[in-house]
Amino acid sequence: MLIGIDVGGTYTDAALIRDRQVVRAAKIPTRSELLSSLLEALDQIMEGVDPAAIQRVGLSTTLITNLIAEDKVEPVALVAIPGPGANPSGFTVFDDAHLIKGAIDYRGRETQKLQPAEIAEVMKKIEKQGIRKVAVVGKFSGRNNQHENEIYKYVTQNHPQLEVELGHQAAGKLNFPRRAATTRLTAATRPAYRNFISQIKAALQERKIKAQVYILKADGGTLPLEKAVEVPVETIFSGPAASTMGVLALTPEGQTSVVVDIGGTTTDLALILSGRPLLVSKGARVQQHLTQVRAFSVRSVALGGDSTIQVKADKLQIGPLREGPARCLGGPVATPTDAMRVLGLIDLGDEKLAREAIAEIAKQLPTNSMAPEEEPVITTARKIIDEVAVILTREINYMFSEWEQEPAYRIWEMMQKERIRPQNIVGVGGSAPPLIPLIAKDMNCQGIVPDNAPIANALGAAVARPTMGITLRVDTEQAVYTLAEDGTQERLVRLSKFHLEEAENLARELLKNRAEEMGLTEYSREAEVTHRELFNMIRGWSRVGRLIDVEVQIPPGLIAEWIN
Amino acid sequence: MQPTLKPWNQRRWDTMDPKSRSTGLVFFPAFDWAISPTHPEREERLLYTKDQIFEEGLMDLPQVVEYKAGFATEKDVARVHFCVPDVRAQITDAHLISVGSAMVLADAFMQGEVTNAFALVRPPGHHAMRVAHGNRGFCNINNEAIMIEYLRHKYGLRRLVIVDTDVHHGDGTQEIFYHDPDVLFISFHQDGRTLYPGSGFIPELGGPGAYCSNINIPLPPGTSDEGIHYVLDNLVMPIIRDFDPEIVVNSAGQDNHFTDPLASMRWTAHGYALLNEKLRPDIAVLEGGYAIETALPYVNTGIILAMAGLDYSHVREPDLQPGALKMSPSTKERVHEVVRDLQEIWANRKELARKRKEEVGAYYENNKRIYYDTDQIEERQTERVKMCADCAGYLKISSSAEKMWNNQRIIGISIPLYACPACQKEARDVFLKEKEQAKPTTDVIYLQDKPNDTFIEWSPYRKEERRY
Ligand SMILES: [Zn+2]
Ligand SMILES: [Zn+2]
């Protein structure tokens, strides 16, 4: 049996899965103590179940989001090696950074050495300030990690009490400011996360659950619990990832769907394009921080079941505020949930209260906008639901056009003009059933509200498989290759024979090794090449080498136990 | 749309609220396009630039707005060029995307979405002339010219300045606007006696109806940042202010860099950035620049930062030794001399233009030979311009080109957007007459009717017409 638990901002959902069926589910309000919420939901679904029968536990939590939002993180000193280029002061992430000399260029060549005296001085200063965490980030450290490693060595020898986080390990892809932000957040959240993980371990041990535990990341992939400690920031936004993976599990394979997760205050939209969830192009935005964290592209609309309804200039205005639950559930104002209750689309709370709320809105609307021979309260409720559908449809269209407007750097990418349109509108969350058919009709799609829609997130956490990617650059002129994910730089042999195919094989091999290290061997066979490009380096009309870029990914997907 | 686009003179970057400033950027490196595998204009050209600007995180800056590349239409190309035998024959998708991207940014600028914009795109275009028989100096069609005619057509602009900052003379752009008094073309470049394409001398001041609207500033090899800023401060900027354009376009080549393999100038990335800060181009379009490792990553970073109003003082080439790029005293003297000569011409421009027009009769005729280095084509051309008191006249071109075994002859008639009604009518009549009298040996007869935004290719042999 499989267990999936999503500790979200409002609710904690848990699901117990046997033979591809959700056999038990639980939903409880999330308390400030995330661990106790998680365990309460777990205990509910585990009642009477033999712990030895559990094969896999998948968790998604809002812990990192909360830590960062509430600023409950450790202070981190940022030591940056910007080299020549843009003035770091143009980026807020460097506001209080210690900038030191040294430079690596775009091909990973050292163009300026570090200055040991300067490093010694900076570290002394940091120690004096009482800071214990240091993020060391160099420009182009994903192409050559030598400078970051030198500093690491110096600090561990001379300041053993300082804990150092290195940029090339946290975020090795191109983008220095995002690398700095990601590294800093990694350093800042690790202690609390480590603590959380060990508590989970202890609690599961207590309950005699010996199954491997996986943590869901923002890109819909999972990592073994022990490895998640190395990349705490990657587990941010796992809630929307969990819902999307749940939808992937509940809809036909390979289709294009819009995931509409309608909550109380907001609705989250995500896209699944031909079976692949769409990722943000450069990395997630974590509050004001731009990071390199791979994450699903999620559009949050300030409109949900509990949004406040008002009439302004004879027109309905829904959201963006939420003042409490729906009136039918004892809340203060009229909400879309009340409108649905009036129309009998849901069976929640007190119908009389719902009618009162909607009647107040009806009175404020012009009388000539009411249908004759129909109660104004019914017409108004219908108008409200239509308006919600119109807003969500507009946002979905906007999301598609934004995706179409993403920059392309190659002619073939520009020529792929074919516009992709969704086949399905898939609803999850409590208000989904009445709204999804309306949106689907507007968009000329099939509307789907799966049976397990209310706990799609918990299901997603349970059945998401690991993801992993590597970004390889081969430079045959310098006879080296670099791996962006950890800044590894290795010598190459047999250069003359090195072409795209060899580079792809090398990339697959490296991915396999890395997957093994992470305990994810079983999925490395699923790896696919997502990007391949070869540049001949011409100097003075003759070729002096090749630059080859290859990216190999284990894409987001579902575990074998769910598919087979 | 910008409610009313103030004249360029009244728009100032430096007095703007830095927070309300933004620079539109299209980055289109065409990683899958090359003239030939070892050609300087090949896939690798903007690879290191990509690495640098991505690593810098420039696209994440609130002051930089990245736009997706776009497509120009064949009609946009026909608005400027007589493509032989038709538009498709002279372009690839890469060309349409390169110029289309400049147009995307032109729209963004005109609609007030950005303060200024930079099309960091390839292939380049400034050696492409009005008649396009093939590729010249790595160019088939002229990105800036097509963008400008698009701007005029769509937004009714009229007076523009193009400053060509490529090390090579922008002979294509010069040729296209040579008879247009409303486009001031300024090109500074390494002296044509020492570099391709061998033109761009001071006396090339424009056609008799547009005299002194074409300013060439041939500079001696070895001219440094100091030299170019002397030219900018004492000549280029005062001239632009006098001309009072609606917008200024930078035809932004980067081959004046001290490491460029094709030329011998001594500019730095810092010099390029400062140039853009002073010049305040509304739209910059990348042209040449082939020091793909040692120059382009730094020059492009510098230009983007300068246009976005950000500090570019940290942009520095790793191998640049302080003080190493000084001009010799004789080079400096030569630069000053060129500036003095042109200052004098500019001061007397009205008188010179009046005299020049008096020298010619009702029509101005001129014979030219044009060589296409890349495609090895030899073109002979006769241009005939109507001299009109009310407008810039219309233009008729007869051209024949020898291309390996075959010889192509065309006749083209071009009516400027702001031609007077009499000239418009006469030009259309000439086109009809040419059609009637056409010999089968003439391959194509063109009408470029800009007032009607209609562009016709007539094939006398097949008696077929294609309209854009
Ligand atoms: Zn050039
Ligand atoms: Zn006229």
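Modeller: Here is the boundary between the two domains of chain B. This is a predicted model, where local features need pLDDT of at least 70, side-chain atom pairs count only at pLDDT 80 or more, and totals for chains, interfaces and linings use all residues. Residues are numbered from 1 along each chain as its sequence is written, chains are lettered from A and ligands numbered from 1 in the order in which they are written, and side-chain values use heavy atoms, with hydrogens and water left out.

Domain 1 of chain B covers 17-350, and domain 2 covers 361-467. These bounds come from an automatic or database domain assignment. The C-alpha centres of the two domains lie 28 Å apart. In contact (heavy atoms within 4.5 Å) are 36 residues of domain 1 and 35 residues of domain 2.

Together the two domains bury about 3000 Å², with 57% of it on carbon and sulfur atoms. Buried area is the accessible area (1.4 Å probe) that two parts lose on being put together, summed over both. On the domain 1 side, Phe82(B), His133(B) and His179(B) lose the most area to domain 2. Together they account for 25% of what that side buries.

Five salt bridges link the domains (a side-chain nitrogen of Lys or Arg within 4 Å of a carboxyl oxygen of Asp or Glu). Arg79(B) and Asp453(B) form a salt bridge through their side chains, at 2.9 Å, N to O. By class, the side of domain 1 that touches domain 2 has 16 nonpolar, 10 polar and 10 charged residues. Here Ala, Val, Leu, Ile, Met, Phe, Trp, Tyr, Cys and Pro count as nonpolar, Asp, Glu, Lys and Arg as charged, and the others, Gly among them, as polar.
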